[in-house]
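Biologist: Could you take me through this one, piece by piece? I'd like the cut-offs spelled out as we go.

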Amino acid sequence: MALADRDFLIAPSILAADLARLGDEVHDVLEAGADWVHFDVMDNHYVPNLTFGPPVCKALKDYGITAPLDVHLMVKPVDRLIGDFLEAGAASITFHPEASEHIDRSLQLIRDGGAKCGLVFNPATPLYYLKHVLDKIDIVLIMSVNPGFGGQSFIPEALNKLREARELIDASGQDIRLEVDGGVKTENIAEVAKAGADTFVAGSAIFSKDDYAATIADMRRELDRLRSV
Ligand SMILES: O=C(CO)[C@H](O)[C@H](O)COP(=O)(O)O
């Protein structure tokens, strides 16, 4: 899809929010203009960190959050958490192909539960699996850091991966979002969009600032500027 026609979404990662005030933080960032809420699930097994699970996702729904909750599973095994996240109100669930015993089955479980599904690729994981499931996914998520921690620097090689994924998606003719996660900020968002991304996860770049609305507006200005060139 041509850059000018792309609909860009900003998905703040709650990993960087003040977790003691999570409901308010998510409310505030949505009021500030965010589109999705990115929900990083880490299990201290697939990645060396531990975050939150389905009860926290449900608590956000119960708090009144209606924006899509974009659940990124950094867990192994994958399947046994899918049902609980579907029940908790996840709008989309993505997982790492190498963490799933049966990729097609995991995708099917998510779709059967009515959520959007997708695959996540770490910086050194090839897009190899993609071609077999392009007609069955809604999201491709490219990690631009090694998963497990917020606040890391963007790995430049991810730009090549984004270009490659964009070509595959466009050639497939499918309606698939190309999401990017890790080290995305106002200063690099245009370059990342130019490489093909349309959905931007940003944690520390947004939550470390006092004014979320100004930060998100700055990001959108960068994206608009790129679109108008
Ligand atoms: O999935 C993640 C780490 O595994 C985070 O979502 C990601 O790193 C975003 O944080 P930041 O914008 O601070 O880099």
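Modeller: Let me start with contacts: two residues count as being in contact if their C-beta atoms, placed from the backbone, lie within 7 Å. Helices (H or I, at least four residues) and strands (E, at least two) are DSSP runs, numbered from the N terminus. The model is predicted, so local features need pLDDT of at least 70 and side-chain atom pairs count only at pLDDT 80 or more, while totals for chains, interfaces and linings use all residues. Residue numbers run from 1 along each chain as its sequence is written.

Biologist: Good. Which residues of helix 5 are buried?

Modeller: By buried I mean that 20 or more other C-beta atoms lie within 10 Å of the residue's own, whereas 12 or fewer make it exposed and anything in between partly exposed, with C-beta atoms placed from the backbone. On that basis the buried residues of helix 5 are A158, L159, K161, L162, A165, R166 and I169. Viewed down the axis, they fall within an arc of 150 degrees, taken from the directions from the helix axis to the C-beta atoms, so they line one face of the helix.

Biologist: Why would residues a few places apart end up pointing the same way?

Modeller: An α-helix has 3.6 residues a turn, so residues three or four places apart point the same way.

Biologist: And what covers that buried side of helix 5, and what is exposed on the face turned away from it?

Modeller: The cover includes strand 5 (116-121), strand 6 (139-143), strand 7 and helix 6 (189-194), while the face turned away carries the exposed residues N160, E167 and A171. Just after helix 5, G173 takes a positive phi of about 70 degrees.

Biologist: What span should helix 5 have?

Modeller: The expected span is 1.5 Å times one less than the number of residues, so the 15 residues of helix 5 (158-172) should span 21 Å, which agrees with the 21 Å between its end C-alpha atoms.

Biologist: Now helix 3: which of its residues are buried?

Modeller: Helix 3 (residues 79-88) buries L81, I82, F85 and A88. These cover an arc of only 130 degrees around the axis, which puts them on the same side of helix 3. They pack against helix 2 (54-63), strand 3 (69-74), strand 4 (92-95) and helix 4 (103-112), whereas R80 and E87 are exposed on the other side. After helix 3 comes G89, whose phi is positive, near 105 degrees.

Biologist: Changing topic, which residues come nearest to the ligand?

Modeller: Around the ligand there are 22 residues, of which S13, P147, G150, G203 and S204 come nearest, where being near requires a C-beta atom, placed from the backbone, within 6 Å of the molecule. Strand 2 (37-42), strand 8 (199-202) and helix 7 (204-207) are the elements that give two or more residues to this shell. By class, the shell has 9 nonpolar, 11 polar and 2 charged residues. Here Ala, Val, Leu, Ile, Met, Phe, Trp, Tyr, Cys and Pro count as nonpolar, Asp, Glu, Lys and Arg as charged, and the others, Gly among them, as polar.

Biologist: Where does UniProt place the "active site"?

Modeller: The unreviewed UniProt entry places it at D40 and D181. UniProt positions follow the numbering used here, feature names are shortened, and annotations may be inferred rather than shown by experiment.

Biologist: Are D40 and D181 buried or exposed?

Modeller: D40, in strand 2, counts as buried because it has 24 C-beta neighbours inside 10 Å. D181, in strand 7 (residues 177-181), is likewise buried, with 27. Leaving aside neighbours within four places in sequence, D40 is in contact with S13, L15, T51, H72 and M74, and D181 with L141, M143, S144 and V201.

Biologist: Last one: what does S204 touch?

Modeller: Not counting residues up to four places away in sequence, S204 touches A16, G150 and G151. S204 is found in helix 7 and is partly exposed, with 17 other C-beta atoms within 10 Å. G151 sits in the loop between strand 6 and helix 5 and is partly exposed, with 13 C-beta neighbours inside 10 Å. Both S204 and G151 are among the positions that UniProt lists for "binding site" in the unreviewed entry.
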